[in-house]
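Dear colleague,

Please find below the structure I promised to hand over. My notes on what was found in it follow directly after.

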Amino acid sequence: MESRDHIDTTLNHLFRQESGKMVAVLIKIFGIENIEMAEDVVQDALVSALETWKFRGVPDNPRAWLYKTARNKAIDVIRRKKHSKTIDFSDPQKQLLTSGYTLKATMNDFWEEDQIQDDFLAMMYACCHPDISRENQITFILKSLCGFSTKEVAKSFLTSEDTVSKRLYRTKEYFRKYKIRPEIPAQSAIVSRTSAVLSAIYLMFNEGYNSTHVDQLIREDLIGQAMSLCRSLLSGSQTRLPEVYALMALMCFHAARVDSRTTADGSLILLFDQDRTKWNPILIRSGEDYLNKASFGNALTTYHLEAAIAYQHCCAKRYEDTDWNEILGYYNILLDIAADPIVFLNRSLVILELKGPEDALKSLEKMKKNKLLEKYYLYHATLGEIHQRLSNHALSRVCYEKAIQLTQSKSEKQFLQAKITSNR
Amino acid sequence: MKEFLLIIRGGHEESGNRSPEEMQKHMQHWQQWMGGLAEEGKLVGGQPLMSEGKTLTERGTKITDRPLAEGKELVGGYLLIKADSLDHATNISKDCPGFEYNCSVEVREISPL
């Protein structure tokens with residue numbers, strides 16, 4: 001009998017990697033109105049694997065085993081539902097599923113390797129339909145395409161399982177009501193539709209990268225899943241757009257630094273204090289490769305620029321070696337593309353490095369009264385830092401206190417409190 | 001268009017001697033042929049049949065533990081298709097993959113009664 005732990009690890013890994021693809025194929029077979037049916041088949045296959053492998057050991061090719069099991073279970077479902085009205089067999093290819101002469105051969109066709117990847121991508125685009133809210137998009141992607149449990153999704157977003165179930169339900173209802181057919185968008189729409197997919201991926205990544213509230217494992221999982229979804233887009237010939245490479249590069253650069261961002265007890269370490277030898281050179285290398293590949297065509301997206309900025313940080317051996325001029329240049333172009341107040345705030349931090357606190361303060365004054373920044377703790381933390389450097393200690397303290405009120409994160413609160421204490 | 005029943009008889013003995021690869025090929029031929037009919041909207045449905053069965057005769061009072069016909073006469077499956085005429089349906093039936101196993105196909109129009 002094989003060790004339970006080994007089976008669990010293999011299965012967990014496999015499930016994260018493959019369940020979404022199996023669900024995508026099964027949705028294509030059963031129809032978008034039968035998502036639960038697809039999910040049940042995948043779940044059944046997983047349970048079978050657990051039960052069988054416990055006694056016979058993990059097979060040589062566990063992935064193939066899992067796929068074959070799911071395929072056979074799908075055949076059982078089709079045989080059972082052949083005469084019910086739940087599955088729509090009117091499409092000619094699906095009609096062949098209803099006859100014993102053609103069921104198996106047709107079923108095999110649905111599981112051809114290159115089809116699987118396309119079906120998976122098609123589901124990603126369906127999930128990121130512009131009419132579905134961002135949080136519903138990501139909830140559905142994590143649950144159905146990344147093999148997260150409802151509980152894990154809830155943990156990722158600090159929300160209740162009940163809320164997650166409601167979001168899933170709403171998304172499924174939307175698919176059903178509007179008969180959304182998962183497909184890779186036509187050439188004319190690919191850029192705009194991919195942009196929605198990329199923002200969902202980036203949001204998922206940031207949830208793992210930035211949040212200090214969830215446990216380490218979930219955060220790593222979110223980062224890994226976001227990167228793997230992006231890699232899937234890069235594997236498709238229609239979806240391999242410059243901005244996809246750029247986002248991949250950006251995520252590599254960020255992920256390379258993830259271990260140096262926090263101390264063992266979870267408090268934040270600023271870029272200045274980070275141990276650069278802890279940065280992952282392999283990820284930085286991959287990031288460079290992706291960034292080089294991102295520079296075909298005419299597209300210059302925010303991902304390109306953010307990646308270029310992250311790259312500048314990654315290639316500076318010491319903090320003092322950072323090329324702030326180059327970085328400021330990228331921020332200026334970023335602001336040209338979109339007048340994002342957060343970008344403006346970050347740009348003023350670069351000015352602080354480059355030209356000192358007076359100029360930084362002058363730059364930030366243009367953003368006084370901005371409603372978004374007013375509520376953003378980093379805006380006040382930045383002001384606190386600037387005033388501190390200008391020796392306006394009282395003002396600095398007020399800003400830091402405001403920032404503490406605005407952040408939910410315990411480690412950030414501690415960090416800012418330490419700033420106040422040192423500010424005397 | 002009219003509907004026709006294709007009664008496929010025989011072929012059982014021969015199919016038993018084929019290798020799994022040959023069987024798989026054969027099933028692909030069915031898929032191609034029926035797939036073509038489905039694409040053209042000519043396929044209504046159809047199934048292969050198990051060779052076991054029972055036969056009721058004498059007003060249902062006598063039950064025999066096997067199908068009425070045996071061997072080459074045994075009905076192995078059926079297909080319902082749409083076609084313009086009996087000749088058209090017969091033409092379609094010429095490509096039935098069952099012939100690879102030496103079956104016979106009887107083409108009968110569904111009575112509109």
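I begin with a helix pair in chain A of this predicted model. From α19(A), the residues A:Tyr377, A:His380, A:Ala381, A:Leu383, A:Gly384, A:His387 and A:Gln388 meet A:Leu395, A:Ser396, A:Cys399, A:Tyr400, A:Lys402, A:Ala403 and A:Leu406 of α20(A). By class, this contact comprises eight nonpolar, five polar and one charged residues.

As to geometry, the axes of α19 (residues 377–389) and α20 (residues 393–406) of chain A come within 8 Å and cross at roughly 160°. Angles over 145 degrees count as roughly antiparallel, and α19(A) and α20(A) are therefore roughly antiparallel to each other. The crossing of α19(A) and α20(A) is left-handed.

The loop between α19 and α20 of chain A holds A:Ser391. The phi of A:Ser391 is positive, near 65°, in a residue other than glycine. Most residues other than glycine have a negative phi. A:Ser391 counts as exposed because it has 10 C-beta neighbours inside 10 Å.

With 12 C-beta neighbours inside 10 Å, B:Asn102 counts as exposed.

Finally, the two chains touch: 14 residues of chain B are in contact with eleven residues of chain A. On the chain B side, α2 (20–39) and β2 (43–48) are the elements that give two or more residues, and α2(B) gives the most, with eight. The residues of this side divide into six nonpolar, seven polar and one charged.

With kind regards

How values were computed:
Residues numbered from 1 in each chain as written. Chains lettered and ligands numbered in written order. Predicted model: local features only at pLDDT ≥ 70, side-chain atom pairs only at ≥ 80, totals over all residues. Axes fitted to C-alpha atoms, helices over the stretch in contact; angles between N-to-C directions. Helix = DSSP H or I, 4+ residues; strand = E, 2+ residues; numbered from the N terminus. Parallel < 35°, antiparallel > 145°, perpendicular 65-115°, else oblique. Left-handed = near helix turned anticlockwise from the far one by under 90°. Contact = placed C-beta atoms within 7 Å. Nonpolar A, V, L, I, M, F, W, Y, C, P; charged D, E, K, R; others polar. Buried ≥ 20, exposed ≤ 12 C-beta atoms within 10 Å, placed from the backbone.
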